[in-house]
Amino acid sequence: MRELLNKYHKKQTIKEYDPESSDASCQELLNVLAEFEITDIPDERMEVINNAWEEISQSVPVNKDKMELLLAVAGEGIYDEETFDWKPTSKTVFCFNMEAYYIENMYEVLLDGLSSISKKQIEFSNIVQNDSEGYYDRKVSFTYHDKEYTFKPELGGDWYDYSILNLVNQILKDEGNSMRFYHMITEAQQVVVFFGNEEWVADFSGRTGLVLQVEVK
(Lines give C-alpha, C1' and ligand atoms only; values in the text may rest on other atoms or scores of the structure.)
Protein backbone atom coordinates (compact mmCIF):
# COMPACT_ATOMS: atom_id res chain seq x y z
CA MET A 1 0.00 0.00 0.00
CA ARG A 2 2.80 2.44 0.90
CA GLU A 3 4.48 1.77 -2.45
CA LEU A 4 1.23 2.53 -4.30
CA LEU A 5 0.76 5.73 -2.32
CA ASN A 6 4.31 6.81 -3.11
CA LYS A 7 3.77 6.19 -6.83
CA TYR A 8 0.51 8.14 -6.70
CA HIS A 9 2.17 11.05 -4.89
CA LYS A 10 5.02 11.14 -7.41
CA LYS A 11 2.53 11.07 -10.31
CA GLN A 12 0.59 13.96 -8.82
CA THR A 13 3.76 15.95 -8.19
CA ILE A 14 4.93 15.51 -11.76
CA LYS A 15 1.52 16.51 -13.09
CA GLU A 16 1.49 19.72 -11.03
CA TYR A 17 4.99 20.93 -11.87
CA ASP A 18 5.30 22.80 -15.16
CA PRO A 19 8.81 24.09 -16.05
CA GLU A 20 7.38 26.70 -18.42
CA SER A 21 5.02 28.12 -15.84
CA SER A 22 6.12 30.67 -13.25
CA ASP A 23 3.99 29.99 -10.20
CA ALA A 24 5.91 27.23 -8.38
CA SER A 25 6.87 27.98 -4.81
CA CYS A 26 10.43 27.67 -3.62
CA GLN A 27 9.54 24.50 -1.71
CA GLU A 28 7.90 22.93 -4.76
CA LEU A 29 11.09 23.48 -6.75
CA LEU A 30 13.18 22.06 -3.92
CA ASN A 31 10.94 18.98 -3.86
CA VAL A 32 11.67 18.39 -7.56
CA LEU A 33 15.42 18.75 -6.98
CA ALA A 34 15.21 16.36 -4.05
CA GLU A 35 14.09 13.65 -6.45
CA PHE A 36 17.64 13.84 -7.84
CA GLU A 37 19.37 13.91 -4.43
CA ILE A 38 19.94 17.66 -4.60
CA THR A 39 19.06 18.49 -1.02
CA ASP A 40 22.21 20.11 0.30
CA ILE A 41 21.73 23.85 -0.12
CA PRO A 42 23.36 25.42 2.97
CA ASP A 43 20.82 26.66 5.51
CA GLU A 44 22.20 30.21 5.53
CA ARG A 45 21.86 30.44 1.72
CA MET A 46 18.38 28.97 1.86
CA GLU A 47 17.35 31.58 4.42
CA VAL A 48 18.46 34.38 2.10
CA ILE A 49 16.56 32.82 -0.81
CA ASN A 50 13.39 32.35 1.22
CA ASN A 51 13.47 35.96 2.39
CA ALA A 52 13.88 37.19 -1.19
CA TRP A 53 11.61 34.66 -2.91
CA GLU A 54 8.71 37.04 -3.50
CA GLU A 55 11.01 39.42 -5.38
CA ILE A 56 12.68 36.52 -7.18
CA SER A 57 9.30 35.16 -8.28
CA GLN A 58 8.39 38.51 -9.82
CA SER A 59 11.66 38.98 -11.69
CA VAL A 60 12.38 35.41 -12.88
CA PRO A 61 10.08 34.50 -15.80
CA VAL A 62 9.61 30.71 -15.57
CA ASN A 63 10.07 27.88 -13.09
CA LYS A 64 13.06 26.34 -14.84
CA ASP A 65 14.91 29.67 -14.56
CA LYS A 66 14.20 29.70 -10.84
CA MET A 67 15.53 26.15 -10.75
CA GLU A 68 18.79 27.42 -12.28
CA LEU A 69 19.11 29.88 -9.41
CA LEU A 70 18.65 27.20 -6.77
CA LEU A 71 21.14 24.90 -8.49
CA ALA A 72 23.73 27.66 -8.71
CA VAL A 73 23.35 28.41 -5.01
CA ALA A 74 23.56 24.72 -4.15
CA GLY A 75 26.75 24.12 -6.12
CA GLU A 76 28.84 27.27 -5.82
CA GLY A 77 30.71 26.20 -2.69
CA ILE A 78 32.29 28.43 -0.07
CA TYR A 79 35.53 30.41 -0.18
CA ASP A 80 37.56 31.18 2.91
CA GLU A 81 37.87 34.97 2.74
CA GLU A 82 41.36 34.89 4.27
CA THR A 83 43.01 31.93 2.56
CA PHE A 84 40.84 31.74 -0.61
CA ASP A 85 40.56 28.00 -0.07
CA TRP A 86 37.39 26.58 -1.62
CA LYS A 87 35.12 23.89 -0.19
CA PRO A 88 32.15 22.26 -1.92
CA THR A 89 28.63 22.67 -0.56
CA SER A 90 27.00 19.89 -2.58
CA LYS A 91 27.63 16.25 -3.43
CA THR A 92 25.47 16.38 -6.56
CA VAL A 93 25.92 19.73 -8.33
CA PHE A 94 28.93 22.02 -8.87
CA CYS A 95 28.67 25.60 -10.09
CA PHE A 96 31.32 28.15 -11.00
CA ASN A 97 31.21 31.57 -12.60
CA MET A 98 33.03 31.94 -15.92
CA GLU A 99 34.98 34.75 -14.27
CA ALA A 100 36.94 33.23 -11.42
CA TYR A 101 36.52 34.54 -7.90
CA TYR A 102 40.25 34.07 -7.26
CA ILE A 103 42.77 33.57 -10.07
CA GLU A 104 45.67 31.84 -8.39
CA ASN A 105 43.96 28.47 -7.87
CA MET A 106 41.00 28.72 -10.23
CA TYR A 107 41.61 25.43 -12.06
CA GLU A 108 42.30 23.60 -8.82
CA VAL A 109 38.86 24.75 -7.67
CA LEU A 110 37.29 23.57 -10.93
CA LEU A 111 38.84 20.09 -10.79
CA ASP A 112 38.13 19.76 -7.06
CA GLY A 113 34.53 20.72 -7.83
CA LEU A 114 34.24 17.96 -10.41
CA SER A 115 35.64 15.44 -7.94
CA SER A 116 33.21 16.59 -5.25
CA ILE A 117 30.13 15.55 -7.27
CA SER A 118 31.48 12.22 -8.53
CA LYS A 119 30.78 10.28 -5.32
CA LYS A 120 34.56 9.69 -5.07
CA GLN A 121 34.66 7.94 -8.46
CA ILE A 122 36.86 10.68 -9.92
CA GLU A 123 39.90 11.92 -7.99
CA PHE A 124 42.49 14.28 -9.45
CA SER A 125 45.90 14.77 -7.87
CA ASN A 126 49.01 16.87 -8.44
CA ILE A 127 46.89 19.72 -9.81
CA VAL A 128 49.23 22.47 -10.99
CA GLN A 129 48.18 25.77 -12.53
CA ASN A 130 51.34 27.18 -14.08
CA ASP A 131 51.07 30.94 -14.61
CA SER A 132 54.81 31.53 -14.77
CA GLU A 133 54.52 32.74 -18.38
CA GLY A 134 51.62 35.03 -17.48
CA TYR A 135 47.89 34.66 -16.99
CA TYR A 136 47.31 34.54 -20.75
CA ASP A 137 49.78 31.74 -21.39
CA ARG A 138 48.99 29.39 -18.53
CA LYS A 139 49.15 25.62 -18.46
CA VAL A 140 47.20 23.27 -16.25
CA SER A 141 48.36 19.77 -15.39
CA PHE A 142 46.89 17.04 -13.22
CA THR A 143 47.22 13.33 -12.54
CA TYR A 144 44.39 10.84 -12.92
CA HIS A 145 44.89 7.11 -12.42
CA ASP A 146 48.68 7.60 -12.33
CA LYS A 147 48.73 9.31 -15.71
CA GLU A 148 49.55 13.00 -16.15
CA TYR A 149 47.44 15.23 -18.38
CA THR A 150 48.06 18.78 -19.58
CA PHE A 151 45.50 21.38 -20.60
CA LYS A 152 46.34 24.65 -22.37
CA PRO A 153 43.43 27.11 -21.85
CA GLU A 154 42.51 29.29 -24.81
CA LEU A 155 41.12 31.89 -22.43
CA GLY A 156 43.28 33.67 -19.89
CA GLY A 157 43.14 36.13 -17.05
CA ASP A 158 40.27 35.41 -14.69
CA TRP A 159 38.20 33.68 -17.40
CA TYR A 160 37.78 29.92 -17.23
CA ASP A 161 38.23 27.89 -20.36
CA TYR A 162 35.67 25.33 -19.28
CA SER A 163 36.36 23.18 -22.35
CA ILE A 164 38.57 21.34 -19.88
CA LEU A 165 35.34 19.39 -19.34
CA ASN A 166 35.84 17.91 -22.82
CA LEU A 167 39.26 16.61 -21.80
CA VAL A 168 37.94 15.05 -18.61
CA ASN A 169 35.00 13.45 -20.42
CA GLN A 170 37.35 12.07 -23.07
CA ILE A 171 39.43 10.50 -20.32
CA LEU A 172 36.30 8.85 -18.90
CA LYS A 173 35.31 7.62 -22.35
CA ASP A 174 38.76 6.19 -23.04
CA GLU A 175 38.68 4.16 -19.83
CA GLY A 176 35.22 2.78 -20.59
CA ASN A 177 33.35 4.75 -17.94
CA SER A 178 29.70 5.41 -18.88
CA MET A 179 29.50 8.46 -16.63
CA ARG A 180 30.13 11.99 -17.91
CA PHE A 181 30.16 15.55 -16.64
CA TYR A 182 27.16 17.38 -18.10
CA HIS A 183 26.69 21.13 -17.90
CA MET A 184 24.42 24.07 -18.57
CA ILE A 185 25.03 27.82 -18.69
CA THR A 186 22.84 30.20 -16.70
CA GLU A 187 21.87 33.77 -17.58
CA ALA A 188 24.38 34.93 -14.96
CA GLN A 189 27.30 33.31 -16.90
CA GLN A 190 27.56 30.45 -14.43
CA VAL A 191 28.49 26.92 -15.44
CA VAL A 192 26.40 24.34 -13.56
CA VAL A 193 27.85 20.82 -13.71
CA PHE A 194 26.38 17.39 -12.94
CA PHE A 195 27.84 13.87 -13.02
CA GLY A 196 25.70 11.15 -14.52
CA ASN A 197 24.92 8.89 -17.45
CA GLU A 198 22.58 9.41 -20.40
CA GLU A 199 19.61 7.87 -18.59
CA TRP A 200 20.06 10.17 -15.59
CA VAL A 201 20.31 13.23 -17.84
CA ALA A 202 17.15 12.25 -19.74
CA ASP A 203 15.24 11.87 -16.46
CA PHE A 204 16.58 15.15 -15.08
CA SER A 205 15.85 17.15 -18.21
CA GLY A 206 12.40 15.66 -18.62
CA ARG A 207 11.48 16.47 -15.04
CA THR A 208 13.01 19.94 -14.68
CA GLY A 209 12.86 21.30 -18.24
CA LEU A 210 16.57 22.09 -18.09
CA VAL A 211 18.75 21.10 -21.04
CA LEU A 212 22.20 19.70 -20.24
CA GLN A 213 25.14 19.47 -22.63
CA VAL A 214 27.97 16.94 -22.54
CA GLU A 215 30.26 18.78 -24.97
CA VAL A 216 31.66 22.29 -24.65
CA LYS A 217 31.62 23.80 -28.15
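Biologist: Where is Asp80 found?

Modeller: Asp80 sits in the loop between strand E1 (78-79) and strand E2 (86-87). Strands (E, at least two residues) and helices (H or I, at least four) are DSSP runs, numbered from the N terminus. Please keep in mind that this is a predicted model, where local features need pLDDT of at least 70, side-chain atom pairs count only at pLDDT 80 or more, and totals for chains, interfaces and linings use all residues. Residues are numbered from 1 along each chain as its sequence is written, and side-chain values use heavy atoms, leaving out hydrogens and water.

Biologist: Why is Asp80 called partly exposed?

Modeller: Buried means under 20% relative accessible area and exposed over 50%, with partly exposed in between (1.4 Å probe, protein chains only). Asp80 has 36%, so it counts as partly exposed.

Biologist: What makes Lys64 and Glu20 a salt bridge?

Modeller: The term asks for a side-chain nitrogen of Lys or Arg within 4 Å of a carboxyl oxygen of Asp or Glu. For Lys64 and Glu20, the N to O distance is 2.9 Å, so the pair qualifies. Lys64 lies in helix H4 (residues 63-75) and Glu20 in the loop between helix H1 (2-16) and helix H2 (26-34), so parts 44 residues apart in sequence are tied together.
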